[in-house]
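Trainee: Hi! Could you walk me through this one?
Mentor: Happy to, let's look at it together.

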Amino acid sequence: MCGIIGYVGKREAAPLLLEGLKRLEYRGYDSAGICVADGENKLAHKKNAGRVDELVALMDGAMPKGNWGIAHTRWATHGVPNTTNAHPHADCHENIFVVHNGIIENYRDIKEKLIKEGHIFISDTDTEVLSHLIEKFFKKNLEEAVIKALKLMRGAYGIAVVAAQDPGKIVAV
């Protein structure tokens, strides 16, 4: 089962997010990832197929710095368990990141339309469709973009979204 963690506050987000992921390990997962915004609101992310400890080791003591972000443990439903399919998933410019639990039933149709519009996908997941669809609707207000995107989705899901251009905010549905 997947798990989502988010944090906005005054403390460094990465250690808190990783601790949250550690607490969710009992639920089972195949990959983990983190996205943290730095003081200049640039989004840094790391993800990895495998355990949370392996994600921490991958960072080699250089955890992303910042006081807001999201993290995720994934249990594969679309796409094999690998680093590319691990969450979080970005839009075309790595300005919007999404973590997601659940299934988007109509992701293939939406993905085909977004590809025709010029979006480039790197994963085999249904989740990546969300980041690109939110990108399409984003006009400096993350909530509005998420609402517009989700009106096109069919399925059951929980998501958390961050955007570099809408700092200090996590939109969760």
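Trainee: Where does Tyr107 sit?
Mentor: Tyr107 is in helix α3, residues 107–116. Helices (H or I, at least four residues) and strands (E, at least two) are DSSP runs numbered from the N terminus. This is a predicted model, where local features need pLDDT of at least 70, side-chain atom pairs count only at pLDDT 80 or more, and totals for chains, interfaces and linings use all residues. Residues are numbered from 1 along each chain as its sequence is written, and side-chain values use heavy atoms, with hydrogens and water left out.

Trainee: Is Tyr107 buried or exposed?
Mentor: Buried, with a relative accessible area of 8%. Buried means under 20%, exposed over 50%, and partly exposed in between, with a 1.4 Å probe and protein chains only.

Trainee: How far apart are Tyr107 and Asn141?
Mentor: In space they are 23 Å apart, C-alpha to C-alpha, and in sequence 34 residues.

Trainee: And what does Asn141 do at α5?
Mentor: Asn141 caps the N-terminal end of α5, with a side-chain oxygen 3.1 Å from the backbone nitrogen of Glu143.

Trainee: Which residues of α5 are buried?
Mentor: In α5 (residues 142–150), they are Leu142, Ala145, Val146, Ala149 and Leu150. Seen down the helix axis, the buried residues of α5 fall within an arc of 125° (taken from the directions from the axis to the C-beta atoms), so they line one face of the helix.

Trainee: What covers those buried residues of α5?
Mentor: The cover includes α4, β7 (155–163) and β8 (171–172).

Technical notes: Contact means heavy atoms within 4.5 Å. A polar contact is a pair of N or O atoms within 3.5 Å; within protein, one must be able to donate a hydrogen and the other to accept it, and residues adjacent in sequence count only if both atoms are side-chain atoms.
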